[in-house]
Amino acid sequence: MAESLVKTDSVAKEFSGVRVLDDISIDISEGEIFGIIGENGAGKSTLIKILNGIYQPTEGDLYFNGREIERMDPFRAKEMGISTIPQEFNLVEHLNVYENIFLGQEHQQKGLLLDRKKMEALTSDLMDELQANIPPDARIGELSVAQKQMVEIAKAVAYESRLLIMDEPTTVLTANEISVLFDLMRDLSDRGVTIIYISHKLKEVKEICGRVMVLRDGEFVGLYATDEISEHEMANMMVGRELNQMFPEVNPPRQEVAMEIKGLSEGDLVNDVNFHLKKGEILGFFGLVGAGRTELAETIIGVRDRTSGTIEIGGEGVEINSPRDAVNSGIAYLPEDRQNTGILTNFDLPSNITLISLRKYLRNLLINRKRELAKTRKYIDEFNIQTPSIRARLETLSGGNQQKVSLVKSLDTEPDIFIFDEPTRGIDVSAKMDVFTFINELVGAGISVIFISSELEEIIGMCNRVAVMREGEITGILEGDEINEEQIMYHATGLEKRAVR
Amino acid sequence: MSKSTGTINEIKERVSRVDMETYGPLLALIVLFVASSFASPIFLKWRNLTNVLRQISYTGTIALGMTFVIISGGIDLSVGSMTAFVGGVVVIMVNYFGGGLLAILIAILVGLLMGAAAGAFNGLIITKGKVAPFIVTLGTWGMFRSLTLYISGAGEFRSTSRLFPQLGMGYFLKIPIPVWILLGLTVFYSILLNRTKFGRYVCAVGSNERVAEYSAINVQRIKFLTYIITGVNVGITAVLLSSRLNSINPTTAGSGFELDAIAAVIIGGTMLSGGSGSVFGTLIGAIILGIVSNMLNLLGVSPYLQGTVRGLVIIGAVLIQRQRG
């Protein structure tokens, strides 16, 4: 067996008396790809931050290369060859790709001027290796989310790391990009680079990792060779109970039409979109990145100005020119980008939850704080929102719980039509199941749902019908037996169209 | 177990938050107040204290409006020259309508409307023209001063009314009228910020504009209104200032008010980056600035050095903010 690279001995971490990580002993070898899975708040991030020196362990010892590390800090970690690809991007938006990759370790000419050519060439090589078609002098701000992720990966690789920690690197990548990334990871591993891989996508963990450690509530649950454990078993370990069925039963919708969209366009982004949504129906929207699903949703709710088309709700035409109009017409939207469009991280729970529906909480022009708190308390119980306190600011909540607040915020407007945009992105298995159950309860109560997702499995498991989009157009609306992986991908990639011709 | 720790956390958090945001500036004020009473025997005299309060009532009133602008993520540099401009018009109105009670009432009304209009002008260019508030109000800062000089023909605006000065000079229950107005406005704006939909929206816009937009808030309208609020407060200040002096000097009136108003807001604990803040904090910030100048005077520090000390106080306040954030 290869040499041990990272070892922790009974490591524990406490924050103001609360133990968030307890008695973790791992031993990871050189060149190993080591998976860590667990729900939000299981202690994965804390463990990583101990390894890369951001946190000091309260108890226990840390070894690197067989030597005990007395005091790790981010600077030493970098020196020793530990790099981390964080979940949230850490790139300077107005610098270009190569400047970001070499930020803090610029190559210099004669010790004074920056060696721009060399850095560009190195960046170009890296991008080739990643099969990413990103010019070295492109501005970060102009890149797509997936491209940014690739730059983040290139940045970590450029450091000639010995230990590479990846926290959910594939959330925004397409299947093709993921497979390139995995090839690169295997290549790095062959060269002796150790990789710690954290993901909610158990299928990927099983595919790429040799061993996987399961954490739950800060405690060690088990360590398994990935070829000896199934995805289902992994999920059960994480949650600590038997997960029977991921998706609730799909119920038939009612006959009445809740909303009808006719000829809706927004420039080139949304092109002549027609569909109807029945009462109590879940209509899925699938498409590859850039297919225009979010743009369509934003056009419906009036964030974007439509260039043509009409919206009918309950058989009557409505004029939606702003998000306020959409709320008044009974449409709620759960945005895809929680941090930038969903919640206010410096606001507390009640102020977030009532932000859209604040009118309901006014008495003689003043906000009735008691009623806000009562409603918040009700939602906390109903949705099992884990929070330090009822008045906690959202920045102190985990991603999954922030997502629940974002959802409750839209729900509090009492909508008839609810548009979910990637509602399960970056949240763990049991939070996902909570979301699915919630959506099912909504349609049970006669609310109609538009369900935008990039996860085929979800789309197939949840929806009555599936609309597939490509380049701003709906290329097909699938029903019943047509809802399967082949058909959906056919329409999403445009192969179907060619076949017809 | 989780319930009890929940409650403890809640209490902890409440204490710490109250501590940081409200009591920080208040504590600084108390320390400064006690130190000043020891440093100078004159400081605690009623006359001196009311004088300090009267002096801060002008920029303090403007600072209350500025608090809304800054929380929403903007800034207004034009308030000083806007004060001179509106003040000049107020004096002209008092004279034009004969200097009696009716003339004064008309002048006050015109002053408030002019302030609102000037604020609306700033707000309109910022929201419709999508120009950075810093640039727009830097431009209007120059414009208002120049218009004031033009209208005055380089002379002073001088009122002939005997009644008009009584508003700015007068007392009610031994406290100057402008101070009463400042206190009343503080209570009003504090309720507006903390208890109304508008106040909540102002914080939301400053915290994250896009989230606010997706939350069905009319972001541009909220921003626009914060500049109008500031304009109205400038109008009030202009009336009080011109009444106190019974004149307005087109060159010096209101000069440097923007700095003092912004400083009061920042010292009061409102984040320069927007998103949250406190109206009472701004009042405290204004009083702190007032006491600092007063003490420098009482201790015989050269007036030329006062700007340095004020500058240090402002920078210090921002540094403390940075550490908190």
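The model is predicted: local features need pLDDT of at least 70, side-chain atom pairs count only at pLDDT 80 or more, and totals for chains, interfaces and linings use all residues. Residues are numbered from 1 along each chain as its sequence is written, and chains are lettered from A and ligands numbered from 1 in the order in which they are written.

**Exercise 1.** Work out the strand order of the open sheet of 6 strands in chain A and its pairing.

Solution. Helices (H or I, at least four residues) and strands (E, at least two) are DSSP runs, numbered from the N terminus. Two strands pair if DSSP finds at least two bridges between them.

Step 1. In chain A, the order is 18-21-22-15-23-24, with mixed pairing. Strand 18 (331-334) and strand 24 (473-479) of chain A are the edge strands, each pairing on one side only. On average, neighbouring strands of this sheet are turned by 20° against each other, direction ignored; axes are lines fitted to C-alpha atoms, for helices over the stretch in contact, and angles run from 0 to 180 degrees between N-to-C directions.

Step 2. Strand 21 (residues 417-421) and strand 22 (residues 448-452) of chain A run parallel and are joined by 5 bridges. In this pair A:Phe418 stands opposite A:Val449. Strand 22 of chain A is also joined to strand 15 of chain A, in parallel, by 4 bridges, and there A:Ile282 stands opposite A:Val449.

Step 3. Strand 15 of chain A pairs with strand 23 of chain A in the parallel sense over 5 bridges. A:Gly284 has A:Val466 as its bridge partner in strand 23 of chain A.

**Exercise 2.** Is strand 15 of chain A covered or open on its two faces?

Solution. A residue is buried if 20 or more other C-beta atoms lie within 10 Å of its own, exposed if 12 or fewer, and partly exposed in between, with C-beta atoms placed from the backbone.

Step 1. In strand 15 of chain A, 6 of its 6 residues are buried.

Step 2. Both faces are covered: A:Ile282, A:Gly284 and A:Phe286 lie on one side, and A:Leu283, A:Phe285 and A:Gly287 on the other.

Step 3. Helix 17 (residues 485-493) of chain A lies across strand 15 (282-287), strand 23 (465-470) and strand 24 of chain A, at about 30° to strand 23 of chain A. Contact between two residues requires that their C-beta atoms, placed from the backbone, lie within 7 Å.

**Exercise 3.** How many residues of chain A are in contact with chain B?

Solution. Step 1. The count is 25 residues of chain A, in contact with 21 residues of chain B.

Step 1. Helix 10 (323-328), helix 11 (338-342) and strand 20 (366-367) of chain A each supply at least two residues of the side that touches chain B.

Step 2. In helix 8 (residues 197-207) of chain B, 9 of its 11 residues are buried. Their cover includes helix 12 (349-353) and strand 20 of chain A.
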